[in-house]
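Subject: Structure handover

Dear colleague,

I am passing on the structure that we spoke about, and below it you will find my notes on what came out of the analysis. Please read them with the coordinates open beside you.

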Amino acid sequence: MGEKATKIARNTYTKGELVGYLVGMFGQNVIYQVIAAGLVSVYLGTVLYIPATAVSAIIFAARIWDAINDPMMGTIVDRTHTKWGKCRPYLIFFPAIIGVMTILCFMNGIYTDEGKSKVLIVAWAAISYIVWGMLFTVCDIPLWGITSLMTEDQDDRAKIIGFARMAAGVGGIGTVIAFVPGFLKQFFEGKYNAMAEAGEITQQMANNYTSRAAWIATVIGFTVVATIFFEVAGLVTRERVPGDAEDKRGIIDNFKIMWNCLPFRQILISGIIRSPLQLLMILAMPLMLYYYTDNAFENIGNLDGGQRLFKIALIGLAVFIPQFAAMALTPNLVKKFENKKLYNFYSVAGAVPYALIFVAYLVFKGNLLGWGAVVITSVCIGLASASMGGINVMQSIMIADCVDYEEYHKGYRPDGVFFSGQSFLTKLSGGIAALIQGIVYAVVKFSGENLDNINFELSKGAHFYDLDGGKYAAAMFFLISIPIAVGMILSALPIKNYAMTDAEHKQMLDELIEKRKDAKDEAGE
């Protein structure tokens with residue numbers, strides 16, 4: 001059987017398909033960051049000045065809907081049978097639609113009539129964000145689900161998932177969207193400054209309208225390019241693992257499948273507990289924008305004789321480079337270590353550097369702008385980011401293994417449904433993290449009209465780390481530290497007695513490959 005399995009395992013993706021898939025994954029995650037790092041983290045709160053509690057409520061409501069919508073989309077994917085397969089059709093036809101909806105999310109508040117009710121702005125934010133999330137799910141589930149269909153080889157699957165996480169991480173470059181509008185303001189400020197000089201609006205309003213216009217221009221540029229990349233995945237990939245000939249399971253059936261599959265249920269519970277982990281990515285860019293540049297990134301070259309730019313670069317590299325390293329290393333580590341042990345190592349060990357981030361803030365008395373503080377903070381963030389990268393790869397690998405588990409025990413492959421669980425986890429985690437952020441921001445009043453005043457004070461030369469006794473800065477560093485550390489430790493508990501060993505999975509996969517070969521031989525293929 002071992003020899004046969006090795007031969008059959010050659011039925012795998014080509015290098016061209018792998019590259020095309022990764023290009024699409026990169027594009028998809030740039031679009032995701034346009035919304036996550038742009039719309040949610042910055043635009044809604046600091047440009048449109050929607051109160052933090054309202055933003056959190058919108059995101060959390062969207063995540064509640066995802067609890068129904070994601071498994072529903074997974075059901076649709078599993079019941080799709082076309083000449084392209086069951087995942088590729090969505091990757092071919094929907095990226096452009098998602099791109100258009102991404103831009104529409106930012107068209108909120110383009111009018112300058114302050115008589116317009118804030119209710120309209122909040123309603124637009126809520127409806128557009130929820131619709132965007134539904135459309136994104138249409139491609140997100142197939143994009144991850146196709147990884148278990150592109151190859152029958154376990155090592156190749158771990159490899160593509162590791163590379164996929166890396167490509168998604170590289171797509172995190174989309175987070176720089178938080179800084180680009182600052183450079184584009186100069187092209188729009190003339191109109192609104194003239195209105196302020198004419199007494200039609202205040203200077204504070206002129207600054208805000210200029211920011212809105214610069215943001216919209218930035219989003220259009222990012223989204224168009226990212227959509228083109230996103231489209232490549234659908235055009236280049238191929239599905240090689242056969243799905244069910246006729247899948248008539250409904251959404252209720254699939255909810256039962258997800259819950260009754262013990263290893264999958266353990267992964268879901270662990271992921272939900274680990275939700276605060278998303279706070280690092282939500283706050284990474286706003287933290288650098290406010291704490292390290294006083295919300296004036298366009299003037300960064302003038303701060304500390306130009307040294308501030310290098311400090312920000314060091315911290316930025318600490319957020320991303322260790323993640324990529326862990327993502328690249330993990331597929332090799334799974335060959336040597338038990339999945340559950342590696343997963344829990346990332347969880348428990350990763351909690352330590354997260355906790356130390358806030359300790360560093362307290363030790364340096366809230367001012368982390370010196371080189372010593374920057375280096376120590378960067379080391380803590382780097383180690384924390386590495387744990388994030390590793391655990392994200394492990395989650396995808398283990399979910400893909402659960403698809404094999406279900407096929408072995410029940411005779412069908414719920415690729416779409418199980419990877420809808422991953423999509424749901426990502427978005428639910430973001431929602432819970434945003435809710436935590438909103439609560440803390442509301443407590444320190446870092447939202448709404450007060451945030452408008454904060455931005456105005458910063459524009460006049462105030463320092464963020466000093467404002468109101470430093471409570472805004474303390475809130476940000478607390479959020480990227482303590483809640484995450486607690487969540488990481490607790491998330492290891494459901495995986496302690498994980499229901500599928502690596503040896504059991506290998507035996508299942510060998511038998512499945514044998515069955516597929518026998519089925520092809522009987523069909524004369």
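I begin with helix 20, which spans residues 482–491 and in which Pro-483, Ile-484, Ala-485, Gly-487, Met-488 and Ser-491 are buried. These buried residues pack against helix 12 (262–273), helix 13, helix 15 (339–363), helix 16 and helix 19 (471–479). Please keep in mind throughout that this is a predicted model.

As for the overall fold, the secondary structure consists of 21 helices and zero strands. The radius of gyration is 24 Å, close to the 24 Å that the globule rule gives for 525 residues, so the protein is as compact as a globular protein of that length. Along the principal axes, the C-alpha atoms fill a box of roughly 80 × 45 × 40 Å. Of the 525 residues, 59% are buried, and among contacts between residues at least 6 apart in sequence, 86% join residues at least 24 apart. The accessible surface comes to about 20,600 Å², with 66% of it belonging to carbon and sulfur atoms.

The largest cavity holds about 790 Å³, and of the 43 residues that line it, Asn-29, Tyr-32, Gln-33, Gln-278 and Thr-426 are the closest to its centre. Among the elements that give two or more residues to this lining are helix 2 (15–47), helix 7 (154–170), helix 14 (307–333) and helix 16 (371–410). By class, the lining of the largest cavity divides into 19 nonpolar, 19 polar and five charged residues.

The second largest cavity holds about 180 Å³, and of its 20 lining residues the closest to the centre are Val-40, Ser-41, Gly-45, Gln-437 and Tyr-441. Two or more residues of this lining come from each of helix 2, helix 3, helix 13, helix 17 and helix 18 (448–459). The lining of the second largest cavity has twelve nonpolar and eight polar residues, but no charged ones.

Gln-437 counts as buried because its relative accessibility is 8%, where the cut-off for buried is under 20%. Leaving aside residues up to four places away in sequence, Gln-437 touches Leu-279, Ile-282, Leu-283 and Leu-479.

With best regards

Notes. Residues are numbered from 1 along each chain as its sequence is written. This is a predicted model: local features need pLDDT of at least 70, side-chain atom pairs count only at pLDDT 80 or more; totals for chains, interfaces and linings use all residues. Side-chain values use heavy atoms; hydrogens and water are left out. On a 1 Å grid over the protein atoms alone, a cavity is a set of points where a 1.4 Å probe fits but cannot get out, and a pocket is an open set with protein on both sides within 12 Å along at least five of seven lines; lining residues have an atom within 4 Å of a point. Grid points are joined across faces, edges and corners, and a volume is the space filled by probe spheres set on the points. Helices (H or I, at least four residues) and strands (E, at least two) are DSSP runs, numbered from the N terminus. Ala, Val, Leu, Ile, Met, Phe, Trp, Tyr, Cys and Pro count as nonpolar, Asp, Glu, Lys and Arg as charged, and the others, Gly among them, as polar. Buried means under 20% relative accessible area, exposed over 50%, partly exposed in between (1.4 Å probe, protein chains only). Contact means heavy atoms within 4.5 Å. The radius of gyration is taken over C-alpha atoms; the globule rule is 2.2 Å times the number of residues to the power 0.38. Accessible areas come from the Shrake-Rupley method with a 1.4 Å probe; for residues, only the protein chains shown count as cover.
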